[in-house]
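This report is meant for a reader meeting the structure for the first time. Please keep the sequence and the model in view while reading.

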Protein chains: 2
Amino acid sequence: MAPLASPPAADAGSGLDRVRVVLVSPSHPGNVGSVARAMKTMGLTDLVLVAPRDAEVLEHAEARALASGATDVLGRARIVPALAGALADAHFALAFTSRRRELSHGVLALRDAAAALAAEVGAHPGAHGALVFGSETYGLSNEDVDRCQAIAMIPANPDYASLNLSHAVQLAAYEVRLAFGAGQVPASASREAVDVRALDGFLDHLERAATDARFLDPASPKRFATRMRRLFTRARMEPEEVAILRGLLAALEASQRKDS
Amino acid sequence: MAPLASPPAADAGSGLDRVRVVLVSPSHPGNVGSVARAMKTMGLTDLVLVAPRDAEVLEHAEARALASGATDVLGRARIVPALAGALADAHFALAFTSRRRELSHGVLALRDAAAALAAEVGAHPGAHGALVFGSETYGLSNEDVDRCQAIAMIPANPDYASLNLSHAVQLAAYEVRLAFGAGQVPASASREAVDVRALDGFLDHLERAATDARFLDPASPKRFATRMRRLFTRARMEPEEVAILRGLLAALEASQRKDS
């Protein structure tokens, strides 16, 4: 997909444009590209790298390849020498960590952390937030964590919590998107379900056919009717499906008459 | 990290071992490896590939490299020729799609879809669930979607909803983990906050110092005390921090006395 000529506008007004992703000392150009893609899928576009191992990483071929349709995010990204510079205009920064630390911050599970960010940033026009991730190998230093207002931890398998950097960013960006109220999925294609009158017509037809076929237990006709109503109500049938089944019933009835 | 010798046990009893990830016609070995890693971080270990482009993909060097510590998931994965084989023992399968379809299923946002899966599978011992993803290029066919009980859509930027396959699996596995009640993060390192008596001692000290320094407005002493109590209560101070600040106050008081 070709990069968009202008920043995405569909999320305008959500506040997501005020949430920055900060990568401290990323090592792998591919990860930086994958982070850009993960961000953009969730409506985040502001990427800052702190002292990346490769100073030219934003132009690196692998970064651009893995960014896919999000090369515009790489194009707008900034590189700064220290975390302080990345957070200078931030009001609320979340430090992402995967290990317990002896620190004076409480640790919030990702979803609660995203809710806190939305409350501090999303609710205040002009406020800026940041999601801060450490290097692939070492994570964040305690000094870096101390520059953040809260610590976020992604719930994970305690036996193997080793998320790839871009996958961690994907989860964080997703939860932030939802916390900012931009988590709607498009309404499903309008589908025509039958109304109760049409459903009742079908159920009557079914019961008549079952009676004629001597399938229906005369001792408990209600049980059949009840179960069938429950099944086909739950299935929310479409008109074409009702038509097909009624056609089948009619054909079966006709062949019964022929046989008898 | 070396692969574990045995399946992870930390999530035993959660039901996550009854949720399978199915990849239909994956093209890129690296994606298959990244999917294995994403799964294992969330406690999923059952991977089935339907007609992958490369029949040897599970042994592919790139797949194994990107699986990182989850090569055991690749080692246990199965390859089947058609989706029906991957779902033969499944009670509830979620089809992941990123586009609106003219289909008779309703589309659930990911979180609701994960809750539905947990209700259908997590709550019934012995039931199996599946998360079904299409190929990187084409997604799932309508025929494949028709084999699933519900359709899940990941909320995304409407201008750019192109998630990488393994990133989509990461989000789905995360939501399933939480829906299965395995989303706890480890309690933060026990931290010693001061009790109210210690806090009050500090606040009294602070107010005394402010009075002595003629900083405190005699007309509204309560305002200072109120704001300081609010600030330092919220900060949940540790004993060492209180000790440092009281030491500073004492030093400032001593130098005041010297000056005056």
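## Two helices in chain B

In this predicted model, helix 1 of chain B passes helix 7 of chain B in a right-handed crossing. Two packed helices are described by the angle between their axes and the distance between the axes. Here the axes of helix 1 (residues 29–41) and helix 7 (residues 165–179), both of chain B, come within 8 Å and cross at roughly 15 degrees. Because angles under 35 degrees count as roughly parallel, helix 1 and helix 7 of chain B are described as roughly parallel to each other.

On the side of helix 1 of chain B, the residues that take part are B:Asn31, B:Ser34, B:Val35, B:Ala38 and B:Met39, and they meet B:Leu165, B:Ser166, B:Val169, B:Gln170 and B:Ala173 in helix 7 of chain B. Sorted by class, this contact of helix 1 with helix 7 of chain B has six nonpolar, four polar and no charged residues.

## The nonpolar core

The largest nonpolar core has 138 residues, and those with the most contacts inside it include B:Met39 and B:Val132 from chain B, as well as A:Val22 and A:Leu131 from chain A. Leaving aside residues up to four places away in sequence, B:Val132 touches several others, among them B:Val22, B:Ala93, B:Phe96, B:Leu140 and B:Cys148.

## A residue before strand 1

B:Asp17 lies in the segment before strand 1 (19–24) of chain B. Is B:Asp17 buried or partly exposed? With 16 other C-beta atoms within 10 Å, B:Asp17 is partly exposed. The C-alpha atoms of B:Asp17 and B:Val176 are separated by 11 Å, although these residues are 159 residues apart along the chain.

Conventions. Residues numbered from 1 in each chain as written. Chains lettered and ligands numbered in written order. Predicted model: local features only at pLDDT ≥ 70, side-chain atom pairs only at ≥ 80, totals over all residues. Core = buried A, V, L, I, M, F, W, Y, C linked by C-beta atoms within 7 Å. Buried ≥ 20, exposed ≤ 12 C-beta atoms within 10 Å, placed from the backbone. Contact = placed C-beta atoms within 7 Å. Helix = DSSP H or I, 4+ residues; strand = E, 2+ residues; numbered from the N terminus. Axes fitted to C-alpha atoms, helices over the stretch in contact; angles between N-to-C directions. Parallel < 35°, antiparallel > 145°, perpendicular 65-115°, else oblique. Left-handed = near helix turned anticlockwise from the far one by under 90°. Nonpolar A, V, L, I, M, F, W, Y, C, P; charged D, E, K, R; others polar.
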